[in-house]
Amino acid sequence: PTAHAPGSSDDLAVPFPLFHTVVPQVTSAQRRVLIADEHFTLGHLRLAWSLCIELWEENIRSPMLTAVLGEMMLLRNRPAEAEPLLRMAVDQQQGNPRLIALLAECLRRSARLAEASEIYRKLGRVAFAGKLRRLADGGQYVLADSAAVSLPWVPHAELPLVEAHVNGVAGHFLMDTGVGETLIDPSLALDGRVEASGVETIHFPSGPDGQVSHAIIDSLALGELELGRVPAQVHATREVFAGLLPIPVDGILGTGLFSRLPTTLDYRERVLRIGDRERLTEGAPLYLATDQYPLVDATINERTQTLLFLDTGMIGAAVALPFSTAEAADVEVARHIEGTGFGISSTLQARPFICRTLEAAGARLTDLPGMLIGNFRLEHQFRFHVGGLLGDGFVNTAALTLDFGTMRVARRS
C-alpha cells in the first residue's frame with residue numbers, strides 16, 4: 001500500500017510504504033537445517049540423521065543443527081560424540097531443561113555416574129540420583145565373565161520367561177523390551193536381600209503411572225552369565241501378572257540389560273541368547289531413547305513412514321496405533337468390535353484392525369492384527385513423534401535380535 005507525501009499534489013504523489021517489513025533471507029544451508037529439524041520432529045530419524053551428518057561435514061553450524069545432531073547421536077547410542085554437541089547446545093539455548101536431561105543421560109551411558117547423578121538431582125530426580133551416586137564407586141553392569149549363554153524359556157508359560165538368580169535366589173523373569181531397568185518383585189527382593197531406597201513415579205507408554213523403589217542387585221545370574229551391581233526397580237510384578245500366567249512373575253528383564261550385550265529373543269525355539277560374540281550387521285537401524293525405549297523406523301500400509309516403539313511386553317497385538325497414525329496409514333478399523341491388550345499395570349480397551357503391510361526391523365509382514373488406542377502417552381513425550389508401538393504379535397513367530405553396539409535390529413522369520 002502507498003500514500004501521498006504530505007503537501008503534495010495527486011499528480012506528484014510520492015509512494016511510500018505504510019508498513020515496513022524486513023523479510024529475512026533464508027539461505028540454502030538454513031533451509032536444509034530446517035528440513036532436517038522437520039524430519040526429526042516428524043520421527044523420520046533416518047532422513048534426519050543423514051541430512052544432519054551431511055550438513056555438519058560441510059562445516060555448517062547453527063544452534064538448531066547442534067541440538068538436533070546431539071540428540072541424534074544419543075539416540076544412535078554414541079554418547080562420546082553426543083556430549084560435546086549437547087554441552088554446546090545447552091550453552092546456546094541458555095540451560096534448556098530438556099537438553100540438560102539429555103546431557104545427564106549421555107553421561108550415564110558413558111559410565112560417568114557421579115556427574116550424571118548431580119545433574120539428575122538438580123532436575124528433581126532425587127531418588128534416581130541417589131542410586132547413581134551409589135553405583136558410581138563400583139560401576140554398573142559389571143560382567144564377571146564374557147561367556148555367551150543360551151537359556152530355555154520356562155516350560156508351560158505362554159509368555160517368554162526365563163529363570164534367573166538374584167543374589168543366589170531363583171526367580172522367573174519375563175523378557176520385555178518395553179521396560180528399562182530390571183524390575184524385581186518385593187518378595188524376591190526380600191528373599192534375595194536386595195535393599196530398596198527412594199520411591200519414584202514411573203510412566204508407562206499407555207495406562208496409569210506406577211511407583212517403584214530404586215535398588216541395586218549385587219549379583220544377577222542368567223545361567224553361567226553373571227552381572228554385578230545391576231540397577232533395578234522394585235515393583236509388584238507378581239500382582240500385575242497374577243491373572244495372566246499360572247507361574248509367578250518375579251521380575252522383568254528389559255532394555256536396560258539388553259542394551260549391554262547383544263540379545264536374541266527367539267520365539268521359534270523358545271530360548272534367550274545373550275552375549276553373542278558376533279555383532280549384528282543386517283536388519284535395520286535401531287534408536288534408543290532414555291535408556292528404555294528402543295525405536296525402529298516403520299512403513300505402514302506402504303503409505304505412512306513413522307517411528308514405532310518396540311515393546312514386546314505389549315500382549316494382544318502386533319501393532320498398536322494412536323488415531324493420528326491410523327488415519328494417516330488408512331487402516332480399516334472394526335468399529336463394532338472391542339479388543340483388549342495387556343501391558344505392565346495396564347489393560348487397554350481398543351478397536352482392532354488389520355494392518356495390510358508393515359515394514360520394520362528388516363522384515364515385511366502382511367495382514368497383522370492391530371489395535372487402535374486412544375491413550376498413547378509416548379506419542380508426544382519426546383521432541384520427535386512416535387507413531388505407535390510394536391507388540392508381541394510382531395515377533396512371536398520369529399527371532400528378534402537387538403545389538404546396541406552396532407545399533408541394529410533384525411526380525412528373522
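Here are some notes on the predicted model, taken point by point.

1. Ground rules. Because the model is predicted, local features need pLDDT of at least 70 and side-chain atom pairs count only at pLDDT 80 or more, while totals for chains, interfaces and linings use all residues. Residues are numbered from 1 along each chain as its sequence is written, and side-chain values use heavy atoms, with hydrogens and water left out.

2. Overall make-up. The protein chain has 11 helices and 22 strands (DSSP runs numbered from the N terminus: H or I of at least four residues for helices, E of at least two for strands). Of its 413 residues, 54% are buried (under 20% relative accessible area; exposed is over 50%, partly exposed in between, with a 1.4 Å probe and protein chains only). Among contacts (heavy atoms within 4.5 Å) with a separation of 6 or more, 62% are between residues 24 or more positions apart.

3. Q233. This residue sits in strand β8 and counts as buried because its relative accessibility is 12%. Its side chain makes a polar contact of 3.3 Å with that of E181 (a pair of N or O atoms within 3.5 Å; within protein, one must be able to donate a hydrogen and the other to accept it, and residues adjacent in sequence count only if both atoms are side-chain atoms). Beyond four places in sequence, Q233 also touches K131, T182, L183 and H214, among others. G198 is 35 residues away along the chain, with 10.0 Å between the two C-alpha atoms.

4. Two positive phi values. D291, in the loop between β12 (284-289) and β13, has phi near 60°, and so does E302, in the loop between β13 and β14. Most residues other than glycine have a negative phi. D291 counts as buried because its relative accessibility is 7%, and E302 as exposed because its value is 54%. The side chain of D291 has a polar contact of 3.4 Å with that of R108; E105, R109, T255 and R260 are among the residues that D291 touches beyond four places in sequence.

5. Helix α6. In α6 (residues 113-122), L113, A116, S117, I119 and Y120 are buried. The buried residues of α6 pack against α5 (97-109) and α7 (126-136). After the helix comes G124, with a positive phi near 100°.

6. The second largest pocket. Its volume is about 290 Å³, and 16 residues line it, with R46, D297, A298, T299 and Q305 nearest its centre. Two or more lining residues come from each of α2 (45-57), β13 (293-300), β14 (304-310) and β18 (346-360). The lining divides into seven nonpolar, six polar and three charged residues (Ala, Val, Leu, Ile, Met, Phe, Trp, Tyr, Cys and Pro are nonpolar, Asp, Glu, Lys and Arg charged, the others, Gly among them, polar). A pocket here is an open set of points on a 1 Å grid over the protein atoms alone, where a 1.4 Å probe fits, with protein on both sides within 12 Å along at least five of seven lines; lining residues have an atom within 4 Å of a point. Points are joined across faces, edges and corners, and the volume is the space filled by probe spheres set on them.
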